[in-house]
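I open the notebook on one model. I want strand pairing first, then a chain contact.

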Amino acid sequence: MRYEAPRTLESAVALMAGEKGSAQILAGGTDLLVRMKSGFAEPDLVVDIKRIDGMHAITAEKGGWRIGAAVPGAALGEHAGVKADWPGVVEALELIGSTQVQGRATMAGNMCNASPAADSVPAMVAADAVARVVGPNGTRDVAVGDIATGPGKTSLTNGEIVESIFLPARPKHSGDAYLRFIPRTEMDIAVVGVGVSLTLDASGTCTAARVSLGAVAPTVLLDQKAAATLIGTKVDDAALAKLAAACSAACKPIDDKRGTIEFRTKVAGVLVRRAATIALQRAKG
Amino acid sequence: MVKVAIWGSLRVATEGRAEVEVDAKNLRELLDRLADAYPGIKPQIDRGVSVSIDGLIYNDSWFTPIGRGSEVVLLPRIVGG
Amino acid sequence: MALDDKHEADGRVFKVVGTRPVRPDGIDKVTGRARFGADMSMPGMLVGWVLRSPHAHARIRSIDTSKAEALPGVKAVVTRKDFTAESDDVLDNCMAGAKALYDGHAVAAVAAVSAKVAKQALKLIAVDYEVLPHVTDVDEAMKLDAPVLHKDKTDETVPAGMSKNVIQRFEYGHGDVEAGFAEADEIVSRSFKTAATHQGYIEPHACVASMGPDGQADLWVCTQGHYMVRNVCAPMLGMDIGKLRVTASEIGGGFGGKTTVFLEPVALMLSRKSGRPVKMVMTREDVLRATGPTASTSIDVKIGMKKDGTITAGWAEMRYQGGAYPGSPVQFGAMAAFAPYNLKHVKTIGWDVVTNRPKQAAYRAPGAPMGAYVVESVIDELCGNLGLDRLSVRLKNASTEGAKASYGPRFGKIGLTATLEAAKAHPHYSAPLGPSQGRGISCGFWFNFGGDTSVSLSVNNDGTISLSEGNPDIGGSRASMTMMAAEELGIPYDSVRTIIADTSALGQNEVTDGSRVTFAVGLATIKAARDAITKMCSRAAKVWGIDEDAVIWEDGHAKPAGPNAGKFPPMSLAEIAAQASNTGGPIAGHHEVNAEGAGVSFATHMCDAEVDPETGAVKILRYTVFQDAGKAVHPAYVEGQFQGGAVQGIGWALNEEYIYGKDGRLQNPGFLDYRVPVASDLPMIDTVIIEVPNPGHPYGVRGVGETSIVPPLAAVANAVSAAAGVRLTELPMSPPRVLKAIDTARA
Amino acid sequence: MTQIHVSTTINGDAGEFLCEPDETLLDVLRDRLGLTGAKEGCGTGDCGACSVTVDGRLICSCLMLGAEADGREVTTIEGMANGETLHPLQRKFLEHAALQCGICTPGILVAAKALLEKNPNPTETEARYWLAGNLCRCTGYDKIIRAVMDAAHEMRGA
């Protein structure tokens, strides 16, 4: 295995594109090193992107925030601006692993690891976040929900690197939230994860909503039917009940060591109700 | 003579008796006499036993005296973590 | 030992015992200097790695190691054929023979110049497996058509016509349970299951072996018993025991899991073959797949109670699988389950069963927590059905001095009632509960034992003491030994330094297990100190020119026994030590004993839990431990044992489990999905130390390490059942199980 | 395979080492630099026994490559005491008997120090969540949390 820590994005792309064997990006490394330890990943080349300028930056852009691919959870959690605009996204990222893992783990890495149970991805999907991808053929912006195509698989092509993630401007009277279910209070992989982002009008009626589900399908689901149950309502108990039912109906989970189909389906409904309630409170300010 | 309580699954070796009597003044004599009188118990004694004498558990000390009125109970070898 | 009412320590004013000094190994452990198993290196050292079976059950047709041996950097390859010793279960478990019996079973090992080369070499070893059908569940394994692991391990206690996976049958009890049930006003029968759990020590097994061509060897190892390691490994290697010196490293937790060997004989064999020191360290995956978790169980229990709370009869049939070899701790479960209660009619039956899982090892009060779980769950349910106070019922039926234990003997002085009374008086018992919250109570019992122990105590020229003992210090025992030596000698704690000697320095020492160390090593330490005191008195007598018998020891000084002995100023230990050369030479005390007379120990636990009825999530709100310690030598470490046992029990009750797939492979061999409790899962664990002295120890000490894990499974289960409004009958009570139980009860 | 040359600062001292490209920082510390205070309990970031700080950030050294340490400042348990003077956390751990076997202790001390540097006045809940990635199997965490809270109290007063 070779280790490279290029100073520019261009050289990183060239390294990735030029590698004949298997090449891996190293951002936080909290997934990659675990896979290497278990022999699951045996890369010929590891490209550390943390020495590239701008990868650690969090910058205001068009009313939203551009977050560099190497920004760890701990740094994002310390950023008052992003936290104020997208508390659900920040909290989701901060749920991953321990304090120690937070010192390293990144949102871009969580997304590119392409686990259906990735905590930050449902929150980003609910936030309508966009990944900026740089490759041999230039730069493209891709919806975060379109990066993962299946467990461990992404739509990134040879040599492509995620450079940053953009969280759009937050409309007025909006709020987001992410909740997950784990057996312990910390240190577990989500059994179910739910992201909600919604916008109210001046009267408190929901005008826009995005609802996403994690760990209940091969990739994170953007649940438009569930979102539709909120629009035009005051997000009251009746709307929340319909939302819960819609989310449970959208689940296509599996039985595994972390949870059953029955459990995931039911708890998705419970969590979406709770997450929507938090998002509502945030939208009301 | 000392009365020795035998646990349930060993009673096949004592014709179903829950208590047997052997002539023993200490632990070694007790185990020897038990094995002589009830050969069916010997495999378990070889696997390891503990003996409770008046409520205290003894493992190996052959010369632990056993008084006449002592309450003696045969137990599987106690281990621990 | 007579059960005199008066204890020899009654009225004794302790000066050191009962205080909370800083432990002697403390600085090393907070600065990173302490050397644990994997922290040792030797010049020219190789690293050893193990190839493990991916199959739950397979015949090993052949193993071709030639390609691995040819890989540059590989210095030795070992398979079972290198071990010429007679086959036994422990050796078979360290290195598979004709069959691999579980996922993770060692089949070969390599020593190489680096981990990278060793791992490459493992890939070059070709094992020809004939995969066989497997079974991992205890009830499935008992079926007549279950795959059979061994043809010849069933013993004479098992009735004919059962599966050969059934190894041994146990039965305990007295009275006539049917007559007892006839007297009952209320009877509850239930079936329970508990998953296998692992001790979960944070330090993986590790050792460094070095054997020379002269056949002498040194082994550095993290273990609960280095004498055991020596005595077990030497015959496997065909060595004289005296030629193998084993040094115990600091040990990063064991809880029973380090009371046997896994890597050690393999490391020695690799060192012998390579002629170089070999270090072996398990990965966490190795630890979970291939060391010794405890049994999983399936238990039926039936208890009858009168309206006034009197238990009329108790019956249980317990099935424990202990992995691929005989030896599940079912007999201790069957003995301990009803021990807290003074019953006229009681019967327990235990079945030891083998399955295609790793060979179980002891785990803190082995077998007892599951027994307490089922009995205390049903007692709790009976109290609920009859509208009775749960503590009062336990007090009414509690075993007291003279009660005939369910496993046979009559109890001597015991502290169960004292723990129950303390629980009843504690503010926790009367604290209000909110919605979806419940309180659980459970009692628990463990035997404790003593065993072979050797201690040596040297009086140094400046009056300080060097104390050598042979039991790895797993939780502060050097502090306790130091305290008992200082107490007995009448000198300050700081004047004594205690070390764990290697196997060449002292006589035999039993493993650090069975809650034996503070009791047995403490007893030997006190006796060794008394031996030294006798010698010091004799030296003082010589100096004074009086009779030895006319000298007594008091407060660290030799003194004339009375006015008739003569008028001499007291002579301090330091003064006697300074003159040792002139009065006859070095002074030392020692004591070697098979320590018998360990006192049994009881505890009562109280737990408050809250259940989220929509998700099945459980939160532990409050927890209090009441346990009899006999005499708490270092109360802070006694509390620590109470707290640690309680929390391991909470983990067992809520989230820890071995999960096997249909393929017989362990699905959660890591701390990510083998979920031990984390700090944020827990409240503070309150403790109340009860002291009912053990007549078998000079200070009254009882072992405390194990009893604390016996009650929590039931205490938590009773709290969760109360909070959820439905009786939970399977451990762990993971959220999917709790939610399903709630939903089923409501439907 | 070519080894990588790394210049770094460890516990305040400039140092250099060679390592394999796929070697973790934990392996470098333990096997090449003799700093065995950080322990490998899992190798997958689930137990926290290998905790160190890198440029002031608390991390698991098993989840970082040694090569990544170039130009960084690494601090380990070995750098916690100041000569003969223990850090208040180390002292409080001893006073409260907050360790039994001691294998998790270095990682917990490093993590607790990082906590108190970021938040000198944590609540018990904050301390418990911060330390959730440091497994201890002996103590049930009670005395650990008490020692951390007591050290925080003392350090605020000083």
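I began with Ser52(B): its bridge partner in β5(B) is Val73(B). The model is predicted, so I noted the limits: local features need pLDDT of at least 70, side-chain atom pairs count only at pLDDT 80 or more, and totals for chains, interfaces and linings use all residues. Residues are numbered from 1 along each chain as its sequence is written, while chains are lettered from A and ligands numbered from 1 in the order in which they are written.

Entry, strands of chain B. I looked up β3(B) (residues 49–53) and β5(B) (residues 72–76); five bridges pair them in the antiparallel sense. Strands here are DSSP runs of E, at least two residues, and helices are runs of H or I, at least four, numbered from the N terminus. Two strands pair if DSSP finds at least two bridges between them. β3(B) also runs antiparallel to β4(B) (residues 56–58), with three bridges. There, Val51(B) has Tyr58(B) of β4(B) as its bridge partner. I checked the hairpin of β3(B) and β4(B): two residues lie between the strands, and Asp54(B) takes a positive phi near 50°.

Is β3(B) mostly covered or uncovered? I found four of its five residues buried (20 or more other C-beta atoms within 10 Å of a residue's own, C-beta atoms being placed from the backbone).

Entry, chains C and D. The contact takes 41 residues from chain C and 43 residues from chain D (in contact: C-beta atoms, placed from the backbone, within 7 Å). On the side of chain C that touches chain D, α1 (26–31) and α19 (635–654) each supply at least two residues. α19(C) gives the most, seven residues.

How values were computed. Contact = placed C-beta atoms within 7 Å. Buried ≥ 20, exposed ≤ 12 C-beta atoms within 10 Å, placed from the backbone.
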